[in-house]
Amino acid sequence: MSERLERILERADELLSRMERMLPTTETIDWSATYAATWSSKRGRSNFHPVGHIDTIQLDDLLEIDRQKDSLIQNTAQFCAGLPANNVLLWGARGTGKSSLIHALLNAFAERSLRLVEVDKRSLADIAILAEQLQQEPFRFIVVCDDLSFDATDTGYKELKSSLEGAIFATVENVLVYITSNRRHLISELAKENQELQELHSSETVEEKISLSDRFGLWLSFHPFDQEQYLRVVQHWVKHYAEQCNFEHSFDDEVRTIALRWALNRGVRSGRTANHFARAWVGSKSLEILSRESDGQ
């Protein structure tokens with residue numbers, strides 16, 4: 001073999017190696033043993049990463065959102081049964097149970113072959129590729145993007161819209177997309193972020209952005225709790241953590257007052273706020289008991 005030919009072959013081998021590094025690749029996941037994974041795409045290399053710790057929250061832990069919960073359970077049950085079902089947009093106030101509801105669904109439907117794949121905003125353009133990777137698996141996959149929104153100058157919505165409308169995604173029957181957002185149309189409509197607000201319903205550009213939410217067949221809205229709703233959720237979580245700590249408690253007016261003050265300081269009455277209060281209050285009271293017992297020894 002001539003020296004010139006050797007150099008050509010070496011150069012060709014180098015070019016092939018560079019091309020391989022640029023092509024998307026995926027790691028194999030044993031979905032029978034993996035209930036949830038994340039998907040990342042960096043420098044042209046796309047990979048699934050198993051999630052070791054799964055949120056243990058149950059559907060019964062999610063109170064005061066019965067309408068939303070029933071609708072999402074119904075849609076997911078249809079999907080797991082191989083029946084027609086919709087992509088879902090869960091939108092509304094922060095801390096009201098949007099993400100927790102999706103995690104609770106996994107715990108409820110995992111035995112019916114449901115699996116979750118979490119993606120971030122930067123990887124939304126890969127949804128069609130991701131779906132193609134999963135279509136041969138004997139499981140039902142929900143692709144989840146949490147807390148998604150686009151500002152006035154962000155063009156990322158086009159990638160998501162294109163993926164949802166693409167031919168590949170349309171033919172994959174075992175993948176749905178569930179997205180949570182604080183915004184109904186996923187796009188900011190605040191005047192300080194969008195100078196086109198005055199033309200909001202006449203601008204073709206803004207209308208194109210708003211049309212992204214139309215790609216989701218099911219919209220579920222979540223709103224802040226009123227005082228009584230909040231207190232009922234607080235009572236649930238106080239009982240939950242008190243049982244874990246073997247702590248006897250009385251949910252009296254004093255506890256209610258402290259819980260309401262906690263929400264006032266946070267600026268929102270929500271399930272998340274109620275959970276955080278219960279953790280803090282039960283933990284504090286339990287520690288006091290342990291300290292007294294220790295001092296008495």
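Q: Which residues of helix 9 are buried?
A: They are V255, A259 and A263. Buried means under 20% relative accessible area, exposed over 50% and partly exposed in between, with a 1.4 Å probe and protein chains only.

Q: How are they arranged around the axis?
A: They sit on the same side of helix 9, because their arc around the axis is only 75 degrees. That arc is taken from the directions from the helix axis to the C-beta atoms.

Q: What kind of model is this, and how are residues numbered?
A: It's a predicted model, where local features need pLDDT of at least 70, side-chain atom pairs count only at pLDDT 80 or more, and totals for chains, interfaces and linings use all residues. Residues are numbered from 1 along each chain as its sequence is written, and side-chain values use heavy atoms, leaving out hydrogens and water.

Q: Back to helix 9: what is on its other side?
A: There D253, E254, L264 and N265 are exposed.

Q: And where does helix 9 run?
A: Helix 9 covers residues 253–266. Helices (H or I, at least four residues) and strands (E, at least two) are DSSP runs, numbered from the N terminus.

Q: What comes just after helix 9?
A: G267, with a positive phi of about 85 degrees.

Q: New topic! How many aromatic pairs are there?
A: A search of the whole structure turns up 7. Rings of Phe, Tyr and Trp (its six-membered ring) pair if their centres lie within 6.5 Å; planes under 30 degrees apart count as stacked, over 60 as edge-to-face and the rest as tilted.

Q: What about W31 and F141?
A: Those two form an edge-to-face pair, 4.9 Å centre to centre with 80 degrees between the planes. W31 is in the loop between helix 1 (3–22) and strand 1 (36–42), and F141 is in strand 5 (residues 140–145), so the pair ties together parts 110 residues apart in sequence.

Q: Are W31 and F141 buried or exposed?
A: Both are buried.

Q: Which cluster do ring pairs make?
A: They link W31, W39, F48, F139 and F141.

Q: And what sits over the ring of F79?
A: The charged end of R140, 4.6 Å from the ring centre. The rule is that NZ of Lys or CZ of Arg is within 6 Å of the ring centre and within 35 degrees of the ring normal.

Q: Which residues in helix 2 are buried?
A: Q68, K69, L72, N75, T76, F79 and C80. Their arc is only 135 degrees around the axis, which puts them on the same side of helix 2.

Definitions and conventions. Expected span 1.5 Å × (residues − 1).
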